Amino acid sequence: MADAFEEDGENTVSIGEFLQDLEEQELEAGLVLGGDEGKECTYSKGYMKRQAIFSCLTCTPDGNAGVCTACSLSCHDGHEILELWTKRNFRCDCGNSKFGEFFCKLDASKDVENTKNSYNHNFKGSYCTCGRPYPDPDVEDQLENLQCCICEDWFHEEHLGLESSNMVPRDDKGEPQFEDLICQGCATVCSFLKLYPDSIFAPVQQQTTTNSSKDKEVVEDSPLTVGSSNELRNGSSAIETPVTDDSPKQDCNGKTVLGENAATNTFLNQCNTDAGPSTKCVVGLNLLEAPNSLEKSKSMFLSKDWREVLCRCPNCIEFYKHKGLTFLLDKEDTIAEYEKLAKQKIAEHEQEQSAELLNNLGHVEKMEVLTGIADLKDEIGTYLASFDPSKPVTSADVHKIFENLAQKRRRMS
């Protein structure tokens, strides 16, 4: 434990920074796995809405199979494994026909093939439109890739078709400020989103230059929503619809919607996501009959809870089915919901482990453990009460805490 703290000034950290970094690393690992302890194969659960998936290049070098967390640990230990983060509607392939004579150690009774599984070049270790691996051995400074919520591929910022990296919505610290990304390739399929209010798109601060006089230019920050109708106004709209407020449009029931109702009032009567499909169309347009432009769309960055705005009228639902986008209506498909459920599982596992540990002890041993934990917490609290939280923690500080605790126990014995 003491080795974690170096007395060399360059490697010291404050105790607050150390504990926060440790907790963040543990939580991040747990969230990626969805709180899965990796003890049981998930095959019996069918095509799960979302789970952590791995590709074993030792067994399937063609990258045409994926395995769950438990199988990656039990069946493919020591193999060349690729962590693919999470995939939707996926069933564990371990031990099926794609693995030849290799059988799953955790569940041998599996179908020959999972026909509903979807695979892309990620399973071979390639990402983005450039097809490079991640981490890239030829790149010194690895930048975090961004995942498209539709195709689930990962992309470098410079390959998203943006004018500059400043087009990615971020806060002052550089942290992403959007819930989902739709890549340039999938943006054409999702071009119907431009019919929705710009509020579903994550805003980004774009620097624009305006002339305040003949010989002086002023640079201002103006909000921009990448992928929205505003951002594309000077370009082309992927769905060719009238752009004037007073032009007639038809809703999914064939009724004409005029003026303000076509652009605004329809959104005031959005479908209730808990009440099932509504006959009221939010978009005011039958998407199944709307012509599509052949021009390429731009990548889209969506704001928090944007999926809740999506229309759930019968015609729009049929449109989602036709385009293979029905998962957008499922809350459990989102990464935010996946991580929320993972946190709950992690908390439940911790409580179960603590209870199991104590239940296996006798009364005397149980009281000793609980007393020891309380004493340690009290000693750390007492020591830190007089400790500058911004001051680096050294090995001497850690030793001092345990020396004080040992002295206290000797006095009580």
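Predicted model: local features only at pLDDT ≥ 70, side-chain atom pairs only at ≥ 80, totals over all residues.
In helix α5, residues 314–323, the buried residues include Cys 316, Ile 317, Phe 319 and Tyr 320. They sit on the same side of α5, because they cover an arc of only 155 degrees around the axis. Lys 321 and His 322 are exposed on the other side of α5. After the helix comes Gly 324, with a positive phi near 70 degrees.

Now the salt bridges. Side chains of opposite charge can pair when their charged atoms come close. The whole structure has 10 salt bridges.

Take Asp 333 to begin with. Its salt bridge with Arg 88 has the closest N and O atoms 2.7 Å apart. Asp 333 is in the loop between α5 and α6 and Arg 88 is in strand β2, 245 residues apart, so the pair links distant parts of the chain. Is Arg 88 buried or exposed? Arg 88 counts as buried because its relative accessible area is 11%, under the 20% limit. Asp 333 is buried too, at 3%.

Asp 333 also forms a salt bridge with Arg 307, at 2.8 Å between the closest N and O atoms. Both of these residues are buried. Salt bridges with shared partners join Arg 50, Arg 88, Glu 152, Asp 180, Arg 307 and Asp 333 into one network.

Another salt bridge joins the side chains of Lys 49 and Asp 330, 3.2 Å from N to O. Here Lys 49 is in strand β1 and Asp 330 in the loop between α5 and α6, 281 residues apart. Lys 49 is partly exposed, at 38% relative accessibility, and Asp 330 is partly exposed at 24%.

Technical notes. Residues numbered from 1 in each chain as written. Heavy atoms only, no water. Buried < 20%, exposed > 50% of the residue type's maximum accessible area, 1.4 Å probe, protein only. Helix = DSSP H or I, 4+ residues; strand = E, 2+ residues; numbered from the N terminus. Arc of directions from axis to C-beta. Salt bridge = Lys/Arg side-chain N within 4 Å of Asp/Glu carboxyl O.
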